[in-house]
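Subject: Structure handover

Hello,

I am passing on the structure we spoke about, and my notes follow below it. Please read them with the model open.

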Amino acid sequence: MGRRGRNIVILPFLAPAVILYTVFFIYPALRAFYISLTDWSGYGAAKFVGLKNFAELFRDKDFYGALRHNIYLLIFGGIVTLSLAFLFAVLLWQGRIRGAGFFRTLLFSPSVVAPVAIAVTWTFVFSPRIGLLNGLLRSTGLGNLARPWLGDLKLVLSLLMIVGIWSAVGYYMVLFLAGLQRLPQDLYDAAKVDGAGPVATFFTITLPLMRDVLVTLIGLYTIGSFRTFDLIWIMTGGGPANASETLATYMYRTALGVVRFSSVQRIGYGTAVAVILFLIVFVATILSQRLGGRQEVEY
Amino acid sequence: MFNGKSHRFLTRRDFLKASLLATAGMALAACTPKVVKETVVVEKEKVVEKVVTEAPAPKGKTVIKFMQGFQPGENEYPFFEWARTEYNARQQAVEVTHMDSPRTDMMTVFQTMSARGDPPDLLIAGPINSAMARSGVLRSLDEFVDTPINYGKDPNTAWFKVYNQALIEMQKVDGKHYGVPCEGAYTFVIYYNQDFFEKHKTTPPKTWTELIKVADVYKAAGIAPFTLAGVWPYYMHWWFFTLAQRTAGTDALVAAMFKDKATSWNQPDFLLAAQEIQKLRDGKYFVDGFQGMDHIASHMEFLSSRAAMDFVGTWFPGEMGGSIPADFKYASFSFPAYEGGKGDPTFAQLWANNIYNTSTKYIPEAIDYLKWWSSDIVQDQQAEMLGTVSARAGAKCPPVQTGACDQVANAKGVAGYEFDIYGFDNKLESAYQKAAVEFFFGTTDAKGYVEGLDAAKQAYFKAKEG
């Protein structure tokens, strides 16, 4: 079958998906760019204001605060999540741990729980009066360490990051495991014959061969980190005093005015935040692919 | 899988033809004008149906769709069902149906339905939103406000005359009426634990000094005088604003809040209010750990008898209804006056949850249902079932709301200034809340707080004006 013939075969299979994707994803996404250039409360006609929303956004301290929090979550959350996930994956892959299947399931289990349920559960854990954490501290004589965790302006973002790490490690671990399982055993056998220890083997064989997986997961983590919304919104609503505000919560709060249903909605302004968020994720993804994804892995 | 036999029935060529035909059909369906309309409508209705469930419409009757924001299982829902069922039982030609959309999604659903030209006939949407009114999605009620109410003990009374007139006036947009305040009048009051007050022989205070004396009694008894939500900062900044109204007066407060860009927060009367709040903060009058509590956790401190008083809006009985222990006795009193303060102590931040008549085709029917809701029959039942303070003068007052009812009835001045009609928008409110959190959490002192409010206000205007 020639190229043209192949296209004729492929097109009808692709067409329904392409049409649906165009109508329900690409068009709304392009439309969002237009809405970001308008002043619109959600009612009546949107008023075109050009780049006014973006100009206001770049003067907006809350926006920069939210962006800083996103970067903090991305860098520190990313390093810890991916390091732990890789570590657990290697330990489980090497088969040196008894009950590896059990631990794999245990670590992965938070990934199958709805983020809303995770958020509610951890909110109770951190509750100042009836929370598990303060209860534990008080019952072990460490009551002086008890505090209103989610109300602590300096701690709240880190606590949310810890919950995020707890819920994401298992997911990334499974992806690392999948990558590890395709590595050829003969290289390890050769390294063993050459007298390489576990650390040298890890840094000279495992890590270089896993580079493509690592880069892909860094890209995935970047996208996921910037999109994080539900966990933060339910646990703190971006507060207190914007101490845990991220671009996603800021976008939602601004666009949909969710404080009360009578609130003034600034959908154009909120969509401008969404456009910036999209551009950041887009650039970050391209960069991560460019920096690490080009080199083919050769065995 | 394809054996020789099945090949005879469906060859690859046949399969491709069928696929092409199906794709062409879809493309045609998307291009043909008549079908486009049907397809789009069906798709949109499907989207809406995920969020909204409508009761089946009986044949031969005019069906009024009422989007009301409460769902089965919520404390408020049975009352809405009662009002609807009672009304329907009295009608021959009209049937009211509920659209049980969640409050959080309701306005988005409403916007979608309005955009496609098929909004619900009635909408309950909280205090009036001028952006909504000015957009044309709401119908002015001006021509109906003086017509008879038709229901209840005073059927010939002009419809809007039954309501608190100050509230009615306050909610006009560009001089026109758009909403009917029949879902309650709301204001801030302080609820107190009656058992505590009886046991410790304290009485509802009238002045700030008396309030502190009462609070000291509970502090001495090892009970937190006040509960407070730190994660939900709304109540923190209203503690200050309410006291600031008492110390500085309403006009000064409104000017400082948003009305006059040049009016500073950094003036003696506001500083005084902040210093009084700082005394409460530093004296640990608020429940321990409030910084980490949301509003529900905070209210539960009060309902679990771990705090003696709760400063909250009069929606409290309706909001917490299912969580209030049967043997928990509570009542409310007005926010106290400040001795020597410039503010009218009868002043109340008062607003109403409205039922709007949206751009309905069935105007007389929709108006009739709004009148039914305004009747003493429905208003008294609402007070009974939900503990709501009615915006209707002389309506039944729930026992737990006596302080609130007095406040609403006696308020000489009211203001809805926290809502957009007066220009206090989300962005500014959010900035003020941030300053309040820093103050109540102890990061700043009273002076720093009023300066922080000033900085927030100036930054808001600067960003707005570009």
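Predicted model: local features only at pLDDT ≥ 70, side-chain atom pairs only at ≥ 80, totals over all residues.

Residues are numbered from 1 along each chain as its sequence is written, chains are lettered from A and ligands numbered from 1 in the order in which they are written, and side-chain values use heavy atoms, with hydrogens and water left out.

Chain B overall

Chain B contains 19 helices and 13 strands; these are DSSP runs, numbered from the N terminus, with helices being H or I of at least four residues and strands E of at least two. Of the 466 residues in chain B, 56% are buried. Buried means under 20% relative accessible area, exposed means over 50%, and partly exposed is in between (1.4 Å probe, protein chains only). The accessible surface of chain B is about 19500 Å², and carbon and sulfur atoms account for 55% of that surface. These areas come from the Shrake-Rupley method with a 1.4 Å probe, and for residues only the protein chains shown count as cover.

Salt bridges

Side chains of opposite charge can pair when their charged atoms come close. A salt bridge here is a side-chain nitrogen of Lys or Arg within 4 Å of a carboxyl oxygen of Asp or Glu. Over all chains, the count is 20 salt bridges.

Which residue of chain A forms a salt bridge with Glu301(B)? The partner is Arg129(A), with the closest N and O atoms 2.7 Å apart. This pair joins two chains, because Glu301(B) lies in helix α13 (residues 295-303) of chain B and Arg129(A) in the loop between α5 (115-126) and α6 (132-139) of chain A. Glu301(B) is buried at 3% relative accessible area, whereas Arg129(A) is partly exposed at 32%.

Asp118(B) takes part in a salt bridge with Lys65(B) (3.6 Å, N to O). Asp118(B) sits in the loop between α5 (103-115) and β3 (122-124) of chain B and Lys65(B) in strand β1 (residues 62-67), so the bridge ties together parts that are 53 residues apart in sequence. Asp118(B) is partly exposed, with 27% relative accessibility, and Lys65(B) is buried, with 15%. A network of salt bridges with shared partners joins Arg129(A), Glu301(B) and Arg306(B). Asp118(B) also forms a salt bridge with Arg116(B), where the closest N and O atoms are 3.3 Å apart. Arg116(B) is partly exposed at 25% relative accessibility.

Aromatic rings

Rings of Phe, Tyr and Trp (its six-membered ring) pair if their centres lie within 6.5 Å; planes under 30 degrees apart count as stacked, over 60 as edge-to-face and the rest as tilted. By this rule there are 75 aromatic pairs over all chains.

Trp239(B) and Phe335(B) have ring centres 5.9 Å apart and planes at 75°, so this pair is edge-to-face. Trp239(B) belongs to helix α10 (residues 234-248) and Phe335(B) to the loop between β9 (330-333) and β10 (348-349) of chain B, so parts 96 residues apart in sequence are tied together. Trp239(B) is buried, at 0% relative accessible area, and Phe335(B) is buried as well, at 3%.

A tilted pair is formed by Phe240(B) and Trp265(B), with 5.9 Å from centre to centre and 50° between the planes. Phe240(B) is in helix α10 and Trp265(B) is in the loop between α11 (250-259) and α12 (268-282) of chain B, 25 residues apart. Phe240(B) is buried at 0% relative accessibility, and Trp265(B) is buried with a relative accessible area of 0%.

A loop residue

Val145(B) is in the loop between α6 (130-135) and α7 (165-170) of chain B. Is Val145(B) buried or exposed? Val145(B) is buried, at 8% relative accessible area. Leaving aside neighbours within four places in sequence, Val145(B) is in contact with Ala158(B), Trp159(B), Phe160(B) and His177(B). The C-alpha atoms of Val145(B) and Ile367(B) are 9.9 Å apart, and these residues are separated by 222 residues along the chain.

Regards

Note on methods
Contact = heavy atoms within 4.5 Å.
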